[in-house]
Amino acid sequence: MPVLKSAKKSLQVAKRRKTENDALKSKIRQAQKTVVVSPSQKTLSGAFSTIDRAVKKHFIHKNRAARLKSQLSKLLK
């Protein structure tokens, strides 16, 4: 366990960010699964918005987001 006051605060921030990141990661995975199971324009746009939010929060890189969006849009064709 941390001893210094700044290390304790850092641990709290790390825990909070981990929960937020885990939630965002599960949302992305769920959106991908939804598009794979039932590809439609509505599910695709929902997945795109989830992926775009992850990029905006610097959770994933923009090139990875572009790759995911490309893969998902191929399923709709």
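## Nonpolar core

The largest nonpolar core has 12 residues: Leu-24, Ile-28, Ala-31, Val-35, Leu-44, Ala-47, Ile-51, Ala-54, Ile-60, Ala-65, Leu-68 and Leu-72. A nonpolar core is a set of buried Ala, Val, Leu, Ile, Met, Phe, Trp, Tyr and Cys residues joined through side-chain atoms within 4.5 Å. Buried means under 20% relative accessible area, exposed over 50%, and partly exposed in between (1.4 Å probe, protein chains only). Helices α1 (5–37), α2 and α3 each supply at least two residues of this core.

This is a predicted model: local features need pLDDT of at least 70, side-chain atom pairs count only at pLDDT 80 or more, and totals for chains, interfaces and linings use all residues. Residues are numbered from 1 along each chain as its sequence is written, and side-chain values use heavy atoms, with hydrogens and water left out.

Val-35 sits in helix α1. Its relative accessibility is 1%, so Val-35 counts as buried. Leaving aside neighbours within four places in sequence, Val-35 is in contact (heavy atoms within 4.5 Å) with Thr-43, Leu-44, Ala-47, Leu-72 and Leu-75.

Ala-47 touches Ala-31, Val-35 and Leu-72, again not counting residues up to four places away in sequence.

## Packing of α2 and α3

Helix α2 (residues 41–56) and helix α3 (residues 62–76) pack at about 175 degrees, with axes 10 Å apart. Therefore α2 is roughly antiparallel to α3, a label for angles over 145 degrees. Axes are lines fitted to C-alpha atoms, for helices over the stretch in contact, and angles run from 0 to 180 degrees between N-to-C directions.

From α2, the contact uses Gln-41, Leu-44, Ala-47, Phe-48, Ile-51, Asp-52 and Val-55. From α3 come Lys-62, Ala-65, Leu-68, Lys-69, Leu-72, Ser-73 and Leu-76. These residues divide into nine nonpolar, two polar and three charged.

## The α2–α3 loop

His-58 lies in the loop between α2 and α3. Its phi is near 60 degrees, a positive value in a residue other than glycine. His-58 is exposed, with a relative accessible area of 73%.

## Overall form

The protein has three helices and zero strands. Helices (H or I, at least four residues) and strands (E, at least two) are DSSP runs, numbered from the N terminus.

The radius of gyration is 16 Å, whereas a compact globule of 77 residues would have one near 11 Å. The radius is taken over C-alpha atoms, and the globule rule is 2.2 Å times the number of residues to the power 0.38. The C-alpha atoms fill a box of roughly 55 × 20 × 15 Å along the principal axes. Of the 77 residues, 18% count as buried.

Definitions and conventions: Parallel < 35°, antiparallel > 145°, perpendicular 65-115°, else oblique. Nonpolar A, V, L, I, M, F, W, Y, C, P; charged D, E, K, R; others polar.
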